[in-house]
Amino acid sequence: MRYFGRWLIVAGVSAMPLLWVATVVCINSFNFRQNLKDSVLTHTSADWDMFKSEEKMNAEGVKQLKFGTQKEEYDEGSGYKYLIYKPDENKTENGNNKYPLLVFLHGAGESGSGPAMEIITEGASGCPPVELHYDRAVDILARSFVVVSPRTNHGWSDDLVGKLVQNLLQQHELDPMRIYLTGVSMGGAGKLNYSSIP
């Protein structure tokens with residue numbers, strides 16, 4: 001019993017410095033994360049306010065951008081409201097007048113039944129419709145792709161995404177051999193599900 005007690009004391013004393021170090025590390029780690037979070041949020045919010053004040057939407061809901069236009073449309077077949085971006089040039093760089101199509105599926109944070117324009121959020125920064133909307137997209141995307149960004153409030157349905165793509169091919173000058181589907185979070189899962197259909 002005496003030895004058991006002695007080992008407890010030794011173990012307790014030995015563990016104290018480790019516990020103190022672990023506590024300091026946790027506190028410093030929390031402070032670092034909090035400072036980083038505050039810095040990023042402050043920077044992003046300031047930028048976002050600047051971007052919001054630079055809207056250039058006309059009466060028809062078409063936004064003229066550096067290399068093209070973006071507007072909201074509705075597809076009856078799928079029931080999706082969507083943003084569509086089209087480059088201004090009449091021809092692509094290879095001389096073909098049919099553009100490749102990029103369909104972007106948003107994540108759960110942008111879900112809703114309101115206008116598709118509501119997917120343009122601070123949380124979706126870096127995604128194709130947001131970067132195009134604020135003229136920050138890379139040139140190859142802005143000059144060479146038609147980009148469609150549908151909105152859903154009930155997850156992504158393989159059938160409905162397929163209907164949307166088929167209807168877009170019928171309504172616009174698109175290259176059926178160059179259709180690309182991408183997404184983030186819930187949209188990434190929707191893309192994987194769609195890709196797995198035989």
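Predicted model: local features only at pLDDT ≥ 70, side-chain atom pairs only at ≥ 80, totals over all residues.
## A walk through the fold

Asp135 sits in the loop that joins helix H2 (128-133) to helix H3 (139-144). Its backbone deserves a look too, for phi of Asp135 is near 55°, a positive value in a residue other than glycine.

You can find Ser185 in the loop between E6 and H5. Is Ser185 buried or exposed? Its relative accessible area is 63%, which is over the 50% cut-off, so Ser185 is exposed.

Now step back and take in the whole chain. How many helices and strands does the protein chain have? There are five helices and six strands. Reading from the N terminus, their order is α-β-β-β-β-α-α-β-α-β-α. The protein chain has 198 residues, and 35% of them are buried. Its accessible surface comes to about 11,900 Å², with 60% of that belonging to carbon and sulfur atoms. The fold also brings together parts of the chain that are separated in sequence: if you take contacts between residues at least 6 apart in sequence, 68% join residues at least 24 apart.

What lies inside? In soluble globular proteins, nonpolar side chains tend to be buried together. Here, the largest nonpolar core has 17 residues, and those with the most contacts inside it are Leu101, Val146, Val148 and Leu168. Several elements contribute: strand E3 (81-87), strand E4 (99-105), strand E5 (146-151), helix H4 and strand E6 (174-183) each supply at least two residues of this core. Which element gives the largest share? That is H4, with five residues.

Leaving aside residues up to four places away in sequence, Leu168 touches Tyr82, Leu101, Val148 and Leu174. Another core, of 10 residues, lies apart from this one, and among its members are Leu65, Leu102, Ala142 and Phe145.

One of the partners of Leu168, Tyr82, is worth a visit. Tyr82 belongs to strand E3. With a relative accessibility of 1%, Tyr82 falls under the 20% cut-off and so counts as buried. Tyr82 and Leu164 are 82 residues apart along the chain, yet their C-alpha atoms are separated by 9.7 Å.

Next, turn to a pair of helices. Helix H4 (residues 158-171) packs with helix H5 (residues 186-195) at an angle of about 80°, and their axes are 9 Å apart. H4 and H5 are therefore roughly perpendicular to each other. Which residues make the contact? From H4 come Asp158, Val161 and Gly162, and from H5 come Gly190, Asn193 and Tyr194. Sorted by class, this contact has two nonpolar, three polar and one charged residues.

Our last stop is the loop between E4 and H2, where we find Ile119. Is Ile119 buried or exposed? Ile119 has a relative accessible area of 2%, so it is buried. Not counting residues up to four places away in sequence, Ile119 touches Leu83, His106, Glu110, Ala124, Pro129, Val130, Ser149 and Arg151. Take Ser149 from that list: the C-alpha atoms of Ile119 and Ser149 are separated by 8.6 Å, while 30 residues separate the two along the chain.

Thr121 is also in the loop between E4 and H2. Thr121 has a relative accessibility of 23%, which makes it partly exposed, whereas Ile119 is buried. Between the C-alpha atoms of Thr121 and Gly109 there are 9.2 Å in space, and the two residues are 12 apart in sequence.

Methods. Residues numbered from 1 in each chain as written. Heavy atoms only, no water. Helix = DSSP H or I, 4+ residues; strand = E, 2+ residues; numbered from the N terminus. Buried < 20%, exposed > 50% of the residue type's maximum accessible area, 1.4 Å probe, protein only. Contact = heavy atoms within 4.5 Å. Areas by Shrake-Rupley, 256 points an atom, 1.4 Å probe, with all protein chains shown as cover. Axes fitted to C-alpha atoms, helices over the stretch in contact; angles between N-to-C directions. Parallel < 35°, antiparallel > 145°, perpendicular 65-115°, else oblique. Nonpolar A, V, L, I, M, F, W, Y, C, P; charged D, E, K, R; others polar. Core = buried A, V, L, I, M, F, W, Y, C linked by side-chain atoms within 4.5 Å.
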